[in-house]
Amino acid sequence: MKLIEAIIKPFKLDEVKDALNEIGIEGITVSEVKGYGRQKGHTELYRGAEYVVDFIPKIKLEIAVSDELVNKVVETIMNTAKTGRIGDGKIFVIPLEEAVRIRTGEQGSEAI
Amino acid sequence: MKLKLYLASIMFIIMAGMIPLSAMAEEKKEEAPAAAAIAAAPDAAAAPAAEAAPAAPATPPDVKPVLNTGDTAWMLVSSALVLLMIPGLALFYGGMVRQKNVLSTMMHSLVAMGIVGVQWAVIGYSLAFAPDMGGGLLGNFSKFMLNGLIIMKDASSGVVEYALFQNYTKEPGAIPELVFAMYQCMFAMITVALISGAMAERVKFSAYCVFVLLWTTLVYDPLAHWVWMTEGWLFKKGALDFAGGTVVHLSSGISALAFLIFLGKRHGYPTERMAPHNLPLTLLGVGLLWFGWFGFNAGSAIVGVNTSDAAGGLAGLAFATTTIAPAAAGLSWMIAEWIHSGKPSALGFGSGVVAGLVVITPAAGFVQPGAALLMGLAAGLVCYGGILLKAKLKYDDSLDAFGVHGIGGTFGAILTGVFATVGATGLLAGNFKQLMTQLIAVVAAGAYAFIVTLVLAFILDKTMGLRVEKEDEIMGLDQTQHSESGYNM
């Protein structure tokens, strides 16, 4: 099992969610996050006072998947979240030791 | 980007092209009112003269005041309009501060309604508009507690008569003096609230409240007497201030600057991010200010020269100039910002509108629409320069009370001496003396307001302390001064 963590542009969320649904992913966790990478921030100007906004709003997805689905999920996210411009985000794949479904007590791949 | 710049320059060229056109129109019009004034004079003289003295003397005799209900209705509405400017100002300022200071900033405006509302009834109106104490400097105490505005005819049955305010003694038209006193009360309330923009986000609430009371009593009331009371020394000199460019905007703006000397910068200024937390509030405030300003300027026809009509042609002129000047100023600020920093900001347009309102205030009933357009265009550019000056000089006028009201008020008072053609003549109508009179009024009022505020700020700083503790300032004034927060979401 792997945990896939993807940082994407906020306006791409719906597209990515639909595409993941289509390939059979049944659950994702979404959070609004802020950060910077190569894109850096932007400046705002109020009556001549200039402020640099360092952190840009992004969406973080967390998806737990069984090993055979990892490549497919990564590919799907890559294809749908891509705009080709700087700031499209990153995908991290992290080993996942255990998963438990709280309601039934199922464990491992059964639980995801 | 390129396209936008191109668009901006086209708009600018169109606007620039209009300037000589309207200036030409101005010159042509200038001939007309002069002639009209001469033609109208015998007419105006004839009407009251026929009733009072058939011999028709050179100057018409004074006539007794008669209540004009139309004027009274308009002045009641105008008073309420000016009151609405104060919550408008609270929104305008409140949106520009950080979230942790929104309530304290809005309270600065609101509490001024409370303190000055009481002060005005008790002593303020008397100091400003009661008969002169001597030298045209201050009113006496005869109208303490609005004494004499209601005349008791028969105490046993409660029959009363209302004292009348007659602005122009050659015509009978008058309104109840109570209405005039309340109209002027709104001006006193908003003037001191304007200063609070410079102190936002760090001033101690208790010190602010004492300042409001002292400043209104020692600075505003005398200045209103000097400029607007017929016995005031600047009024006698012939200084023009239709609706308060000198008394309201110049005095509050200059006082803001004086206060800052002892108050100092906000902690973290200018390196820390201090962006406005809710510009939609600010823009709503701009709308309410503009709306209320029609009462402020068009209502000031009540003190217009050579006419008793509060709700007549002169009010119409002031209404027109109060529409045209801020419209032009919003555009000129926006375009200047577009060219200078790359983007036309909403805050920039709103600030331009307020700058235009400030600049046209002293001139509202003295200039023609073409001149109002020019004054508006200049207002946006000059006040935009004013706020840039702050960024350069690094003094911390939080919400630009000086940059907009101080600079705009001074600029407007001087331009009134240039463009006046209605009921008075300015430089462009060949009256150089008027410009000098305006300069004297600006310097005298500015110096008086600056020095007295400086003394007040010094005394308050040494006794109560002007600022909150550093830790409280970082926590925010809403929590530390009022035990509330603006948003519990």
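The following legends describe close-up views of a predicted model.

Local features are given where pLDDT is at least 70 and side-chain atom pairs count only at pLDDT 80 or more, whereas totals for chains, interfaces and linings use all residues. Residues are numbered from 1 along each chain as its sequence is written, and chains are lettered from A in the order in which they are written.

**View 1. The open sheet of chain A.** Four strands form an open sheet in the order β2-β5-β1-β6, with antiparallel pairing; strands are DSSP runs (E, at least two residues) numbered from the N terminus, and two of them pair if DSSP finds at least two bridges between them. Strands β2 (29–35) and β6 (89–95) of chain A are the edges, each pairing on one side only.

**View 2. Strands β1 and β5 of chain A.** Strand β1 (residues 2–8) runs antiparallel to strand β5 (residues 56–65), and seven bridges join them. The bridge partner of A:I7 in β5(A) is A:K60.

**View 3. The side of chain B that touches chain A.** Here 12 residues of chain B are in contact with seven residues of chain A, contact being defined as C-beta atoms, placed from the backbone, within 7 Å. Helices are DSSP runs of H or I with at least four residues. Elements α10 (346–360) and α11 (369–393) of chain B each give two or more residues to this side, and α11(B) provides the largest share, three residues.

**View 4. The elements of chain B.** Chain B contains 15 helices and five strands. Of its contacts with a separation of 6 or more, 76% are between residues 24 or more positions apart.

Technical notes. Contact = placed C-beta atoms within 7 Å.
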